[in-house]
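Let's take a walk through this structure together, stopping at its sheets and at some of its helices. Please keep the model open beside the text as you read.

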Amino acid sequence: MNKPGFSYRHRLMAAMALLSIALIAYQVAIIQILSYVQWYHFANVVISIALLGFGAAGTLLSLFRNRLLKHSDKLLPLLMTGCGLMMVVAVELSLSSLARFDSYLLFSARLQWLKLLANSLFYLLPFLLGALALGIVFIKYVQEIGNFYFSNLAGSGIGALFAAVLAGYLLPASIPYVLALIAVGAGLLVMQFKRPWYSIALILLLVLFIAYRINTPVTTTLSQYKSLSRTLNLPASRIALQKPGAYGLVQVVSADALRYAPGLSLAFNNEVPVNSAIFNNGDWFGPIDSWHASDSFHLLDYTTMAVPFVLKKRNKVLVLYAGSGLHVSQAIRQGASEVDAVEPHRGVGQLLLDELAGMNDSLYRRPGVQLYHTEPRSFLSSANKKYDLIQLHLVGAFGGGVGLYAMREEYSLTRQAFMNMWNLLEEDGVISVSAWMDYPYRNSLKLTATLAETLDETGITDPRLHLAAIRSWATVTYVIKKTAFSAQDIAAMRTFCNDYFFDPLFIPGLSRGERTLYNGISDSTFFVYQDELLTGDREKMYREYGFHIRPATDDKPYFSQFLRWKSLPRLADNFGSQTVSFLELGWLIAALSFLQITLLAVLLIMVPLFKPSTRGRNKGWTLIYFSGLGAGYMLLEIVLIQQFILFFGNPVYATAFVICIMMLASGAGSYYSTRLVPDRGIMQRILVMIFLLLLLYTFFLSPLLNKVDSYPGFIKIAISLVLVAGPAILMGMPFPLGLRKQAVKEEKNLPWAWGINGCVSVISASLAALLTVEAGFAAVILLAAIFYGLSMLSMYLIRG
Amino acid sequence: MRTVNLIFILGWLLPVLPLQDYSKAREAMVRTQIEARGVKDPATLAAMRKVQRHKFVGPAQVTDAYDDNPLPIGYGQTISQPYIVAYMTENVKPKPGFTVLEIGTGSGYQAAVLAEIVNKVYTVEIIGELGKQAATRLKSLNYKNIEVKVADGYHGWKEHAPYDAIIVTAAAEYIPPPLKEQLKDGGRMIIPIGSPYLTQQLMLIEKNGNKYRTTSLIPVRFVPFKRSQ
């Protein structure tokens, strides 16, 4: 085995770290770009195939091991600079008019599938070249794998942070070019300068082009079906302001015909004001409330969302997901003296405090209004104030949407969230939440179920006395009240309905005919289901209804996940197969993505088995051991990210923190592993420790995080560090130890083992997303533990 | 060389050949997609049989024009599924003397179907290019009782109000107050709810003096979704 010279070895380690920074940050950057021009889900489809570049690199190394290792000194700088070059080429091609795909047309135009595939292949190339460079180093210097793996992991950890930092300063389309520079820099570090001029001239050209592109980013053309595109089609529309940020690209659009009045009453006879609107990553975020303190009316007073104010004046109001402040201005208009507004999107909040303050009469700077940049659940855990009204955002999308949010954690709509809110209510306080009416009925049914279960949990015996709901042609607003509704409350709600052409869905003492006085529904099963959920056999409804309407919990915080696999054939019968695709798009794409990745990964793993020269002993051990490590690591990583979103109150920071700490800690573990002998006993002991630790996490992680959620920030960070780094240090050891063991037992298997680990990691990332939705976080951590257990047991299969 | 020429000629001819079958395709569309789903109004069915839908879509969609789907027409807009067009038409109960306002001209297909039945159709399109294309198309197809205006549909078309019926073809999160004012007493307005590919729900608004009643209609043969069997 070659042992590199001192300085070269250090340059190689530095190059590995740089390349890893570039690769991880590039992955994040591509997701940002594709989320902007298309949707997050399609970004994931593209990127998951692209990441199979790691698996493909393993397969190539298995097949051409000797040739690749023999020329490694020349190949490494070529592969690294090639990786940088391909980072640029992939972005240029993917955004060109030739290959640009439109995900909305996937189910109606077959050509779009080809374009989607082409995009995946473009992005596969940089990952393939980068991974090949990493793989060659791992295999060639396997006896020092601990050090090189450390470089790789530490670089990846820094890359995760770097991506978040870059997103705050550069437009999404510029970021890949910065990362390409880093990859090229890695190549230069390990370049043998024998005939440097050709290489330097070429690299200089590339660097100049990259610098040009950072300054003048490639044009990003959005899908014509994205809400930003459709808004820009309006007359005299223009992007008035744009700001990159860790949450995505925020753009403010003004147009002469842009109005927002969700489910406005037909009794409204005034002019609907023209608004500007905020878009995040090309998706609708919200209108900029054109409210002014001297306005004679507030639009929301003509919607069902005015119900809580009809009952009583609300002095202390908490608005969750306050966005651009529509509910905040409504509360002020209705006489609230204190309004706490919680908006996790820091970029938007800051804009409304500063540049856009003039548009809504400096709403967030008014005395009595306080804006908090945190996740609503974190606010609820730490709040020590009581409220007369807790107002939630409008749930669902107009007309029912296309299920794109099915895979998104919504911690403010879980049963536990409503209990937290309940505990913050004044004696006469109410929680108000509204939903768009949809069809087939989903959002409103799940809300009824959630509120009914919340009332059960508070010990209220007759929920009908504490829950009211008012329906318009487009929305339904629920109010749950700590004390029973009085006769005066009921009369006020009836008058409200009559004045604004709304109908009561639930009020105490409701008569049957009252429900459809102004707004009829052809499919009246809506009312049957609603009643059954509130006062009938709720469990039976959960079991039998065609969609998943059991309330979301903190362990499965996916309120918008409604799809039940067993219902698909019936849905297709009722709505047609094309429509069904759009009914639950988010979930279907995730499932489709998982299937295609699994298929491709299995192929990549199997290919080397057909080449005689790669055949050797211990294939069974290699397959189980390295699959177990890849799957266990990735499942835990994804679950920790999801769980720490709630804990940190911010998805971007949670993701950056978890990836960074896990990678650095695993890097440290890998570094430490160089002192250990790859002996079966030692390896099994480490794996048993990981298994037991994850078993503990299965049962105690969530309760522990809930317990310490209200602690001060620095204590939370310290606890998080221990919880993430603890298992990660241990989890950084089995992989390098395994490769060293492999080098002793069957060296030919080394590239295959590395490829298996890469392939299974990608499959598991996709699987984790599906599993958490279906089975919950605890089940996924348990599965991660089982995978590590399997790796441990596989050690008994080692022969020779 | 001859073979090459033959392939070349066939290549040009093949997309044109199905043209001969468009009337059959239209008849099949009415029978299997529209009548079979319960649309009964003879005037609506006759109009759907007459209007050449394939002339309202782009060249790439011509062969799919009579499929049971919405089709893209650019600018993020679609030409509605044939059944939805028929269902909306039937539900405004169009009669020969009617004046109808359409908001969202799009390709002009819905306006053409209405124009086969009623006296006059006024249609407003907010996207300039689409409006111009539709006006040219309708003129070339000799529809003299349709007027197209490029403007913000929010304001309706006050000069020709009141209308016996109003059809809003683009989903709206609110009903513009000027539209309900421009609707005749006893008139009917219909609005789809949902994304372009998910037009499952239609909203009917009936005006009765100063009062309005809405009904959420379901244009698909929907079996109540509770699984009890």
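Axes here are lines fitted to C-alpha atoms, for helices over the stretch in contact, and angles run from 0 to 180 degrees between N-to-C directions. Keep in mind as well that this is a predicted model.

On the H25(A) side, the contact includes Leu687(A), Phe691(A), Leu694(A) and Leu701(A), while H29(A) contributes, among others, Ile781(A), Leu782(A), Tyr788(A) and Met792(A). By class, the residues of this contact are 16 nonpolar and 5 polar, with no charged ones.

Helix H7 (residues 145-167) of chain A and helix H27 (residues 734-745) of chain A pack at about 140 degrees, with 9 Å between their axes. Their crossing is right-handed. Here Ile145(A), Gly146(A) and Tyr149(A) of H7(A) meet Phe735(A), Pro736(A), Leu739(A) and Arg740(A) of H27(A). That contact of H7(A) with H27(A) divides into 5 nonpolar, 1 polar and 1 charged residues.

Now turn to the sheets. In chain A, 8 strands form an open sheet with mixed pairing, in the order E7-E6-E5-E8-E9-E11-E10-E12. Strand E7 (369-372) and strand E12 (503-506) of chain A are at the edges with a single partner strand each, so one side of each has no neighbour in the sheet. From one strand to the next, the twist averages 20 degrees. Within this sheet, strand E9 (residues 425-436) and strand E11 (residues 475-481) of chain A pair in the antiparallel sense over 7 bridges. You can find Ser434(A) opposite Thr477(A) in E11(A). Across strand E8 (387-395), E9, strand E10 (467-471) and E11 of chain A lies helix H16 (residues 443-457) of chain A, running at about 0 degrees to E11(A).

What does Phe418(A) touch, leaving aside residues up to four places away in sequence? Its contacts are Ile431(A), Thr450(A), Leu451(A) and Thr454(A). Phe418(A) lies in helix H15 (residues 415-423) of chain A. It counts as buried because it has 26 C-beta neighbours inside 10 Å.

Another open sheet of 8 strands brings in both chains: its order is E13(A)-E9(B)-E8(B)-E7(B)-E6(B)-E3(B)-E4(B)-E5(B), and its pairing is mixed. Strand E13 (519-521) of chain A and strand E5 (146-150) of chain B are its edge strands, each pairing on one side only. The twist averages 15 degrees from one strand to the next. E13(A) pairs in the parallel sense with strand E9 (residues 211-217) of chain B, over 3 bridges. Gly520(A) has Thr215(B) as its bridge partner in E9(B). Helix H6 (residues 128-140) of chain B packs on this sheet, touching strand E4 (120-125) and E5 of chain B, and its direction makes about 160 degrees with that of E5(B).

Finally, visit helix H3 (residues 53-63) of chain A. Of its 11 residues, 10 are buried, so H3(A) is largely enclosed by the rest of the structure. Among the buried residues are Phe54(A), Thr59(A), Leu60(A) and Leu61(A).

Methods. Residues numbered from 1 in each chain as written. Chains lettered and ligands numbered in written order. Predicted model: local features only at pLDDT ≥ 70, side-chain atom pairs only at ≥ 80, totals over all residues. Contact = placed C-beta atoms within 7 Å. Helix = DSSP H or I, 4+ residues; strand = E, 2+ residues; numbered from the N terminus. Nonpolar A, V, L, I, M, F, W, Y, C, P; charged D, E, K, R; others polar. Pairing = 2+ DSSP bridges. Buried ≥ 20, exposed ≤ 12 C-beta atoms within 10 Å, placed from the backbone. Left-handed = near helix turned anticlockwise from the far one by under 90°.
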